[in-house]
Amino acid sequence: MTDADCIFCKIVAGEIPSTKVLETDRVLAFRDLYPKAPTHVLVIPKDHYANVAELAAADPALAGEVLRATSEVAAAEGVADSGWRLFANTGSDGGQDVFHVHFHVAGGKPLGRMLS
Ligand code: 5GP
Ligand code: ZN
């Protein structure tokens, strides 16, 4: 399942370069091109789903694999003990720019409060 106009599908296909930090049969994690923290990694299912709701409804097992990979990335990045943030911007008000579901793994510095 791919979307021809989706930049993350192109990253999965190797048509756009990325710095990969973890890869399984169905999941890919790569560094955010414009990192907002010392650790800023995006974790995605290789199949194209627009957002968390679509992924969770269509393939809950895959959603679980993606979620597990986020923790593995945090451990590999060395932020598991110091703490990190997991978030998925969703839709217009949520600030989603890329409509291939992705979880941000951010850490490596105090991140402060998100909504205040
Ligand atoms: P969103 O705002 O949709 O939650 O996050 C999209 C993220 O993708 C942003 O943090 C942005 O920096 C990142 N991004 C956009 N284009 C690319 C790209 O071509 N490669 C990589 N590695 N990250 C990208
Ligand atoms: Zn896609």
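In which loop does His102 lie?

Guide: In this predicted model, His102 lies in the loop between β4 (84–87) and β5 (103–107). The UniProt annotation "active site", from an unreviewed entry, covers this residue. His102 counts as buried because it has 25 C-beta neighbours inside 10 Å, the criterion being 20 or more. Leaving aside residues up to four places away in sequence, His102 touches Phe8, Leu42, Val43, Ile44 and Ala88.

Val43 of β3 is the bridge partner of Ala29. The strands concerned, β2 (residues 27–31) and β3 (residues 39–45), pair in the antiparallel sense over five bridges. They belong to an open sheet of five strands, with the order β1-β2-β3-β5-β4 and antiparallel pairing. Because β1 (20–23) and β4 each have a single partner strand, they stand at the edges, and one side of each is left without a neighbour in the sheet. On average, neighbouring strands of this sheet are turned by 20° against each other, direction ignored. Helix α3 (residues 60–76) lies across β1, β2, β3, β4 and β5 and runs at about 160° to β3.

Ligand 1 is surrounded by 14 residues, of which the closest are Leu33, Tyr34, Asn89, Asp97 and Val98. By class, this shell comprises seven nonpolar, four polar and three charged residues.

Conventions:
Residues are numbered from 1 along each chain as its sequence is written. Chains are lettered from A and ligands numbered from 1 in the order in which they are written. This is a predicted model: local features need pLDDT of at least 70, side-chain atom pairs count only at pLDDT 80 or more; totals for chains, interfaces and linings use all residues. A residue is near a molecule or strand if its C-beta atom, placed from the backbone, lies within 6 Å of it. Ala, Val, Leu, Ile, Met, Phe, Trp, Tyr, Cys and Pro count as nonpolar, Asp, Glu, Lys and Arg as charged, and the others, Gly among them, as polar. UniProt positions are given in the numbering used here, feature names are shortened, and annotations may be inferred rather than shown by experiment. Helices (H or I, at least four residues) and strands (E, at least two) are DSSP runs, numbered from the N terminus. A residue is buried if 20 or more other C-beta atoms lie within 10 Å of its own, exposed if 12 or fewer, and partly exposed in between; C-beta atoms are placed from the backbone. Two residues are in contact if their C-beta atoms, placed from the backbone, lie within 7 Å. Two strands pair if DSSP finds at least two bridges between them. Axes are lines fitted to C-alpha atoms, for helices over the stretch in contact, and angles run from 0 to 180 degrees between N-to-C directions.
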